[in-house]
Amino acid sequence: MENTNYTENPNMQNFERYNSDGTKKRDRQGKKGGKIGVFFGVVVLLAVIIAANCMVVTKQNQFKLIRQFGRVDRVVTESGLSFKLPFVESVDTVPKELLLYDLPASDVITSDKKTMIVDSYVLWRVTDPLVFAQTLSCSVSNAESRIDAIVYNATKNTISNMKQDEVIRSRDGKMTITVDESGSELSGNDLDLSEGREEVIEITSLTEEVMGQINHVESQYGIELVAVEVKKLDLPDDNKQAVYTRMISERGNIAAQYTAEGKSEAKMIENTTDKEVSIMLSDAKAKAEATIAEGEAEYMRILSGAYSDPEKTDFYSFVRALDALKESVVGDNKTVILTEDSPITQIFNGRY
């Protein structure tokens, strides 16, 4: 039997009890109070857990799906605080904001059997969280996997119906063409730099063509593809050199064509100029001959008038004789032998 010692405390009305080893004994009333405190603590903790399990906090960039035994019971679309049954209903979170998915670069083949590398990205968002949960299990990864397949197929179908140069020209929705004065487009074989002019026209862009083939995503999966944009169009490394060589050859042919057309036009201008110069020289010679003829006629008229006047006949005969003598004395030999009856001898003898 346990030995108990009782010690009187003068400041207390009751006696304190100690065990035989000197330790203080707790009374039954203290034990009861401790159990009540623990009980209340457990109750408060359970209340907090239950309250936390009842509350559903929805942010502005979220949808909340309330499930009851695995089935979607309701969808919370507005931000704020709502409630659910604890331990009976569960909550799934679906993103509400605009999401970006960067597709991996892929190879596609054009209608003229040219391989191109397309690198693009997609902007998308969830529009129907219930359908999204039913078809894609509220998984963004599942949605991106479906988007990858859908966009790739649409891109492949679009590019496979276009030639390589059409794909490149339609990338930004604008195309520069060269037209003549009537507005007809000039091809590479009939370009005329003197008459053609460049115009920028609006065309359906590559991304618009791709978006036109994506029309079932929203109704089928509860998501919307806001935009599909092509970041880069490139050629495979093993095709780049061949394409560059072909482009250089084509540009060389166009340059040779321009050079030939320029030489032909230069020859035409040269021939026209030579013809005009010949005509001008011929006209000038004709005018010169006419002027000379008019001068000789005037000379003969003056000479005829001079010989018809007896007073001037001797003077002109003297002048003409001197001119004849001047023409005959040429070179180093200055000796003139004249007969006595020569008109020049008669001039020097003073017979004229």
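Here are some questions and answers about a predicted model and the words used to describe it.

The model is predicted, so local features need pLDDT of at least 70, side-chain atom pairs count only at pLDDT 80 or more, and totals for chains, interfaces and linings use all residues. Residues are numbered from 1 along each chain as its sequence is written, and side-chain values use heavy atoms, with hydrogens and water left out.

Q: Why is glutamine 62 called buried?
A: Buried means under 20% relative accessible area, exposed means over 50%, and partly exposed is in between (1.4 Å probe, protein chains only). Glutamine 62 has a relative accessible area of 16%, so it counts as buried. You'll find glutamine 62 in strand 4.

Q: What does glutamine 62 touch?
A: Contact means heavy atoms within 4.5 Å. Leaving out residues up to four places away in sequence, glutamine 62 touches Val57, Thr93, Val94 and Lys96.

Q: What makes residues 62–68 a strand, and which strand does it join through five bridges?
A: Strands are DSSP runs of E with at least two residues, helices are runs of H or I with at least four, and both are numbered from the N terminus. Residues 62–68 are strand 4, and five bridges join it to strand 5 in an antiparallel arrangement. Two strands pair if DSSP finds at least two bridges between them, so these two qualify. One of the links has arginine 67 with valine 72 of strand 5 as its bridge partner.

Q: Why do strand 5 and strand 7 count as edges?
A: The open sheet has three strands in the order 5-4-7, paired antiparallel. Strand 5 (71–76) and strand 7 (89–95) each have a single partner strand, so one side of each is left without a neighbour in the sheet. Neighbouring strands here are turned by 30° against each other on average, direction ignored.

Q: What lies across this sheet's strands, and at what angle to strand 4?
A: That's helix 2 (residues 129–136), which lies across strand 4, strand 5 and strand 7 and runs at about 65° to strand 4. Axes are lines fitted to C-alpha atoms, for helices over the stretch in contact, and angles run from 0 to 180 degrees between N-to-C directions. In helix 2, Pro129, Val131, Phe132, Ala133 and Leu136 are buried.

Q: What makes the phi of serine 137 worth a look?
A: Most residues other than glycine have a negative phi. Serine 137 has a positive one, near 60°, and sits in the loop between helix 2 and helix 3 (140–160). At 54% relative accessibility, serine 137 is over the cut-off and so counts as exposed.

Q: Where is lysine 113, and is it buried or exposed?
A: Lysine 113 is in the loop between strand 9 (106–109) and strand 10. Its relative accessibility is 69%, so lysine 113 counts as exposed. The phi of lysine 113 is positive too, near 65°.

Q: Why is tyrosine 121 called partly exposed?
A: Its relative accessibility is 25%, so tyrosine 121 falls in the in-between class. Tyrosine 121 is in strand 10 (residues 115–126) and is the bridge partner of aspartate 102.
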